[in-house]
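Student: I have the model open and want to learn the terms used for it. Can we go through them, each with its rule?

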Amino acid sequence: MFEYSHRNAESLFDFVRLFDYVEDLVFLMGVYGDQVIYEYINQSAKNLTALSDDVIGRSVSEVVKDKAEAAALNGQYLDVALTKKSIHFTHTINNGTDLYTGDTTLYPLLDTDGECRFILGIVKDVTEKYMLEQKLRETEEVFRIITENTMDVIRIIDTNGIIQYSSPSSETISGYDAEYYKGKHFTEVIHDGDCERVKEQFELLITEKKAAVVEIRHLHRDGHCIWKEVVATPILENGQVKSVVTSSRDITERIEYKEKLSKMAFYDYLSGLPNRRLLDDRLEMAIHLAERTEKKVGLLFLDGRDFKSINDQFGHEMGDEVIKTVAGILEGCVRKVDTVGRLGGDEFVVILPDITHEENVFEISTRIASAFNDPITVKGNELSFTLDIGVAIYPTHADQKKLLINCADQALYEAKKYKDAVFKVYDLELS
């Protein structure tokens, strides 16, 4: 409950003027006997209702043309003043041209004597949501999800980063009520990994006096993090930033979908290994590193034998499981800095960066070949699966990425000529 004294009533007006920077409609009403007077309306209220500052000092009965509507609205304000409890209702807003649906909450503002002399009205334009509700009344759960996921959280933060105010919707988004945030530094409620980045953005906003948009991980009461998009706007007074108003919304689903798309673009859907596109980037990076450090890069092309017979005998579902199993075995044969990828079918690639001695490449190649000497177990079945391996080394065999790939491919072709599966190192005499 917001309390004020007769002496700091001016601070109350300073406080509500901050709402000029939010999208919701905000009204500050004064209670005078059985009449309620307009003391302040924000810019959003002026835009949507077609009211102007001319209404300041006039009563609801004078401003609202429809007498029945005026009496009902005045009565609701007086009920709040009498009971000293907030109320919430939905009503139609007529600006003379269009009709809007307003989701309204009236909050009593008590002075230090416990009297309600002012009422804060916050109206959210929910016209679109209301129309959806009308269409989807039989699907209440769907509408609940829509409304909850589009609820913004409004905060006021001072120039030291201390949260002065948090809107009631905080509890819906994060599990904590609005009072929990008051007095905390904004970094206390976000993920540690985002703190430095967001602090830098905040300081830049204060310095440049320009709005900023950031994506952060916000701590939820349950212990997990939710992704939020935060729009931060500086509030200026005499050319200096007095405070910052933030409006944030839950974008967790959007971030998760974005990450899923990113993974689909760079990783093989079946094995989870890097795909051709990511392999190309990794190889290029490995070569650039080798150029600077005067080290080597090993490139292995691998191709299975008789994979088609497994598909024919056991079916494609078993074939998919074989690919997953082989991927796991290959990852277990290499170092953490190495990359195992899949080109498709039973074709794999291994990139070995930061190689000091060529023998290291041969050791890993031998380890991979040995891993398939015995049958592999897939879903309780023992299956014979062997790999041909072609090996090329940068810069011994080629000093360019495309040429190195050709060398590894040529070495694989030579390996396939042998009856037993082996690894074959590129022979410069074949070029």
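Student: What makes T339 and a residue of strand 14 partners?

Tutor: The bridge partner of T339 in strand 14 is I351. This is a predicted model, in which local features need pLDDT of at least 70 and side-chain atom pairs count only at pLDDT 80 or more, while totals for chains, interfaces and linings use all residues. Residues are numbered from 1 along each chain as its sequence is written, and side-chain values use heavy atoms, with hydrogens and water left out.

Student: How do you know that strand 13 and strand 14 pair?

Tutor: Two strands pair if DSSP finds at least two bridges between them. Strand 13 and strand 14 (residues 347–355) have five bridges, in the antiparallel sense. So they count as paired. The strands themselves are DSSP runs (E, at least two residues), and helices are runs of H or I with at least four, numbered from the N terminus.

Student: Why are strand 13 and strand 18 called edge strands?

Tutor: The open sheet has five strands, in the order 13-14-12-17-18, with mixed pairing. Strand 13 (339–344) and strand 18 (423–425) each pair on one side only. Neighbouring strands of this sheet are turned by 20° against each other on average, direction ignored.

Student: What packs on this sheet?

Tutor: Helix 11 (residues 276–293) does, touching strand 12, strand 13, strand 14 and strand 17. Its direction makes about 140° with that of strand 13. Axes are lines fitted to C-alpha atoms, for helices over the stretch in contact, and angles run from 0 to 180 degrees between N-to-C directions. Helix 13 (residues 316–333) lies across strand 12, strand 13, strand 14 and strand 17, at about 15° to strand 14.

Student: Why is N311 called buried?

Tutor: N311 is in helix 12 (residues 307–314). Its relative accessible area is 14%. Buried means under 20%, exposed over 50%, partly exposed in between (1.4 Å probe, protein chains only). So N311 is buried. Leaving aside neighbours within four places in sequence, N311 is in contact (heavy atoms within 4.5 Å) with H316 and G319.

Student: What makes Y176 buried or exposed?

Tutor: Y176 lies in the loop between helix 7 (170–174) and helix 8 (178–181). Its relative accessible area is 18%, so Y176 is buried. Beyond its neighbours within four places in sequence, Y176 contacts residues including L219, H220 and R221. The C-alpha atoms of Y176 and H220 are separated by 7.6 Å, though these residues are 44 apart along the chain.

Student: What makes strand 6 largely enclosed?

Tutor: Seven of the ten residues of strand 6 (residues 116–125) are buried, so the rest of the structure largely encloses it. Strand 2 (residues 25–32) runs antiparallel to strand 6, joined by six bridges. There, V26 has I122 as its bridge partner. Strand 5 (residues 99–111) also pairs with strand 6 in the antiparallel sense, over nine bridges. Y107 stands opposite L120.

Student: How do you know that the buried residues of helix 4 are on the same side?

Tutor: A70, L73, N74, Y77, V80 and A81 are buried in helix 4. They cover an arc of only 115° around the axis, which puts them on the same side. The arc is that of the directions from the helix axis to the C-beta atoms. On the other side, A68, A71 and L82 are exposed. Strand 2, strand 5 and strand 6 are among the elements covering the buried residues of helix 4.
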